[in-house]
Structure formats: C-alpha cells, structure tokens
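Trainee: Could you walk me through reading a model like this one? I would like the general idea each time, then the case at hand.

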Amino acid sequence: MITHYWYVGARPATATALAADCHRRLRGPYTGVGTVLRTLVPQAQQDFRDLVHRYAIEILSIAPELRATIDAPPETLASVAAPEEQTRIYPALRTRRLSHGIVDFLAACAAPERLGPLELIFVNLDEADHTDQECLSLLLRRIPADRVRITVHTRTTDLPGELTQVLGRHAVRVDLPPPPAPPETRDADILLRAYVESDGTSDDPAELAAYEAADPARRATLHDERAAVLRERDEITLTLGAIAYHAEHGSDPAVTGGEALLDALQYAVSMGFHHAVIDYGRRGRAIVDPKTQMDIYWPLTGRSATALAATGRPEQAEPLYLEVRRRYAVPMVHLVNSYALGMLYARHYGPERRDYAIARTYVNTAIAIATILPEPVPRAFLTAFNSNGLALIEMREGNLDESLRIVAEGLELVRTAVPDETHRLHKSVLMYNMASLHSRMGRLAEALAGYTKVLAVDPNWQDYYFERADVLRRLGDPHRALADYDAAELVTPPFWELHFNRGGLRAEVGDFAGAIADLERVVDLEPGEVEAWANLAAIISDSGDPVGARRRIDDALLVHPGNPRLLCIRGQFSLAANDIDRAWQDFEAALAADGELPDALACHAGIAFDRGDAQLAVRDLTRAVELTGPDPDLLFNRAQARQSLGQWGNAIADYTRALNLPGSDRVAILRQRGICHQAAGQLALGQDDLTAAERIAGQSQPVPL
C-alpha cells in the first residue's frame, strides 16, 4: 500500500529533485512549497500552459519569481494599488485558499495524462512558517499517496494541532536515531562559514558550536557578505527569509536589519501572510531603537498588531497599539491607531468584549484628526476612510440608514476632492459598502445596480460576484446568480463558501448532479463544515439515492464522531428505511450529546409513542415546542400523545393551537379534536368539529368531469 511518511529526528538523505527545505529562514512564507513550484512550474508551463494559467494567482502569490515564466493572473485594484493607497487587508483564510489551489494544481499535474505520480519531500517542517505547515496539512489530507506521495521530516513533534492530526491519520511515522558523529576535520573558520552559508538552518552541532563561539564582529561580517551575495540573485522570497535574517545579524542590525525586516513585513502585509508579519514585527522591535527610529518602529508595531487581530488575537494587539500611542505625540500615529483600536472593539473582539461606544470614541478621534490635516487630498481620503469605520459601527448597531448616509457622504467626498487616478481601491470599497447596505436593507434593485457598478471598475474581485449572486437569487433570477458564482470561481483561489452557496442554488433549480458536485467539493476542501455534509446527504436523498445519502452521513461521522446533528440525520434515514432500532440508537446518542436538538426530540418522541411510552413522547415534544415555538406538527403529535393518555383538556388545547397555524392539516386536527371533545363529554362541540372536518374534506375533493 502506497502511503505518506513522517520522519522524526535527524534529517534524512534527499535525492529527489522535488525535495524542499521548509525552514522559514530561507525564504519566509511558503519556503518549501515555493521551492517545489519553482522546480515544477517551468516544465508544466511548457507542457500544459492552460493548467498553469488557471492557478496563476496561487503560483505567483507563493513563488513570485515565476512571474517572468508564466502568464499573469487577473489583476484587481488591490493587487495594483500603490502601498500608500492599500486599504484592503486580506483575511487570515487567504493563505488556506491559496494552499487549496496549490493542492488542486499538484493533483492535476500528477494526473496520468500529465506528469504522472509525483514524489515530494519536505524537510524541517517544524521550522516552517505557518503557510507551509498549513499547506502540507491540506496536501496530506486531500491528495492520495498513489498520486502524490509526500514525505515530511521534522526534528521534533512540536507541531500545530491540525498538522499533527493529519500526520497521525495519513502518514506512517518513522523515528530516526541520531546519526553517528564522524570525526571533525574542518577548522573553526570553515565551520563558522558553513553555518552562515546555511542561512542559519544547519543542524550540524560542530557548525553551530563554531558559530556561537566566534567573535561577534567576525560573525557580523560573514552575515553582511552572505546578504550581499543573496541580494545579487534579485529574488523576492529571499528578502523574506535569508536576506532579512543576515541583515538582522549583520554589522548594522538596527538600521540595515530593521529596514530589511520592515520591507519583509510590508510585503507580507500586502499578501495576507499574517503569521509572518507577526514574526517580522517581533524580531524588528527587538533590534530597532524606538526613540531614534520611529519611522521603522511604529509600522513594525502597528502592522504586527493588525496581524494579531486578523488571526484572532485582538487581546494581544491592543497593548501594541496603546504602546505606540504612549511613545509618540504624532498626529498620524494617533489617527491610524485610533482607527485600529476602534476596529478591535467593533469587529475583532468577541461578544464579551465588543463595545461600540468605545469603538465610536476611538474612530471619532481618528476622524477629528483627519479633518484638520493640512493637505486637501490626504484630508479628504482619510476623512472618508475613517468615516467608513464609523459606518461599520452604525451598521452593527442596526442603524442602517445612518450607516448608508455616512458611506454615501464619504464616497461623494473622495469623488470630488481626490483625483480620479488615485485611491481607486478605496473608492471601489465605498461603492461596495453602499451596495452591501442596500442589500441588508432589502433594497435589492439598488444593491444589484451597486454591485454591477463596482464590478465595472474592479471586475476580478471575487467578493463582488459572490454578493451579487446572493442579490440575484433573492430577486428570483437563479440562472444569472449561477453565472456570477461561475465568474467568481474563475478569479479566485478555492473557497468553500462559493461551492456551498452554489450547491444550494443548483438544488433549488433541480440540478441535483451539480449541487452534489459542489457540496462534495465543500467537504473535500473543509470537512469540518457539518452543514455541508447535512445538505449533501439531503440532496443525494432527494435525487433518489437514500442509500448513498446514508453512506455520506456515515462518512461525515468518521470526521465528526458523536456529532448530534449528524446522528439525528442518520437516525432519520434509518427511520425512513423502517430500521427502528438503529434509528432509536442514533436519536438516543444525539440527545445524549445535545438534549435540545428539536428534530431529534421529535423523532425520538415518535418512536417512543409507537412503543407505547406516551409520557416520554409528551416530554420530548414539550421540549421541542419550547425550543422551536408553535409548530403545527409538533403540537399535533403532542396532542395525540396526550389523547392516548386520556388528557382530553391538554390534547384539545394543543389541537386548538395547531389548528390555525400555517401548514396545519385542518381536517385531521378537527377530527381528532372532535373525538377528544366527545370523550370529555362535550358532545356538541365534538359534533361541530367532526362536521367541519367533513365539510372541509368535501370541499377539497376534485370535481368529477
């Protein structure tokens, strides 16, 4: 059986051409995966150009040195904006989407009609950036070893949770013993040079010892020389790894090192490599003098804080923002940090710490500073930008009209006061925000027009197609909505939400095969999405394959053992197949995990009633009604259980509540309520119900021709 391997301990020998060292000191984010792409893509570009072009966004985001080799990907206003005009921060999930695209690319390259099976080796994965570790997690999980066989090496087992879990499930672990230490014949200077020329990645004890024992000035000189050699290669990713490392340890760490780390950080910000941003910021702050190098120290700190917030750590971001405010009495520092602090309290903190009053205070400070800036264009742009933050707060507080007014006012300001050729990205963002607000307000025609306008100026940004598709769906135009989902798929790395939404829409128009394909794609990309498994099973069942639907729920439960929602669905399939005992077991297990799952309570009650335990049925149905509110079917079923117990008054009350609810079966309810009235001695009321039931039933009969 072909399998993946995980070697732990000493570095194994690597003879394959597709072996990659993942140590982040070499090239920063995607060091290992980028190395594979730099080897593989030129051949792929020559032999199957269309495939490479399809994944150009992912390839060039990870290995930008290939820009001269392959066709350019679709540009967006964000990708071409000047650094000072960049207002869009990529979400933390962007790297996951890029990695999914690379998994798809490698799987396609390894197809029999292309390169055939591949063998990839990744060493030093425990020293890799988050991006490589994330990508390898997806590669190991998603690609069968008979198509792309992966061997990974780590010196330790101290790895992120997802990677550890995937390795444990998909790779055979091999613990390597320490290699025998051969007699050392190199002198101290050769050992020192070897360590520096490894870019600080050598695991040779003699080389490390020589480096640590060397004269600091000698070490610094060698770092400077190595950095100069690497700069001659003019490769972007070297500036993110080895060049920044050597500058950091060279003869002028505060200035040359600080500038190199800031350059690396700014690039990582532009690409959404947030974990690398945090690393560069930490290292830069350790060597830069905050008093004399404010222009370096401030962005290192502020950008690090923003990356911490983007990766779900706002409580670590806030002290960094506050530190910069304490250090510097500079208007722009306080403007930028006031906005950032406002967004912590409006967007990033969880419900327990979210505070719109504090957020408003900070954002108003930013707006106040922006309005008194001396130069008219920055004043207009920054006033509009920060006011957009105030609009977000108003929206989240439910003040949609006020939010819309603020955004419209900001858009008008930048249109009139900012030259047409500048800040095009932020103008498009304001247009998008107006369309989004119109959508939230139910003003769908205006929302549609707004999304169409912003697509005209930024036609390759996937979110605009995605949002317009939702509006078209709500307007009752599913085919145009599907076309927008298709358009979004062409200009973005894979993201599961697109396939989830499109799958639901395809099911609505009767395209069950397409819906199943989309939802299968979701659970391949992100098997943690329980709702996708549930919808997939439902659509497979609706397409006429209940056995296949049950099989997919079994698959889902392998990923989510004990999940109450999935157990309930499997119980419902067993119930439909008249496998009552298995259904009962699943409903019991579902309710043991979540005693407040209405569907499980209702089905559990039905089996209990059929087995003669009407008391248990009443208890389950009572809790289900409490959770869902008045529901005609739940009330009818509880009434029947109460009726079987001779609780005529309670049964009549339930039938009466159910009678006029939407979707109720009025004939069945009146008949049963009539029986209860008669059993309770209310003969006239009982007869009235029975007569009304027959009259309604007669009215619903088809008229003979």
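Mentor: Happy to. This is a predicted model, in which local features need pLDDT of at least 70, side-chain atom pairs count only at pLDDT 80 or more, and totals for chains, interfaces and linings use all residues. Residues are numbered from 1 along each chain as its sequence is written, and side-chain values use heavy atoms, with hydrogens and water left out.

Trainee: How many helices and strands does the protein chain have?

Mentor: Helices (H or I, at least four residues) and strands (E, at least two) are DSSP runs, numbered from the N terminus. Here the protein chain has 37 helices and 5 strands. Its C-alpha trace spans about 110 × 70 × 50 Å along the principal axes.

Trainee: What share of the residues is buried?

Mentor: Buried means under 20% relative accessible area, exposed over 50%, and partly exposed in between (1.4 Å probe, protein chains only). Of the 705 residues in the protein chain, 52% are buried.

Trainee: Which strands pair with S3?

Mentor: Two strands pair if DSSP finds at least two bridges between them. Strand S2 (residues 19–21) is joined to S3 by 3 bridges, and the two run parallel. On the S4 side (residues 148–154), 5 bridges make the link, again parallel. Strand S3 (residues 118–123) has 5 of its 6 residues buried, so it is largely enclosed by the rest of the structure.

Trainee: How do I check the span of helix H16?

Mentor: The expected span is 1.5 Å times one less than the number of residues. For the 17 residues of H16 (residues 294–310) that gives 24 Å, and the end C-alpha atoms are 24 Å apart, which agrees. In H16, 13 of the 17 residues are buried, so this helix is largely enclosed by the rest of the structure. After H16 comes Gly 312, with a positive phi near 85°.

Trainee: Is His 438 buried or exposed, and what is it in contact with?

Mentor: Contact means heavy atoms within 4.5 Å. His 438 lies in helix H22 (residues 424–440) and is buried, because its relative accessible area is 9%. Leaving aside neighbours within four places in sequence, His 438 is in contact with Leu 404, Arg 443, Glu 446 and Ala 447.

Trainee: Where is Thr 691 placed?

Mentor: Thr 691 sits in helix H37 (residues 683–699). With a relative accessible area of 41%, Thr 691 is partly exposed. Leu 670 is 21 residues from Thr 691 in sequence and 8.8 Å away in space, C-alpha to C-alpha.
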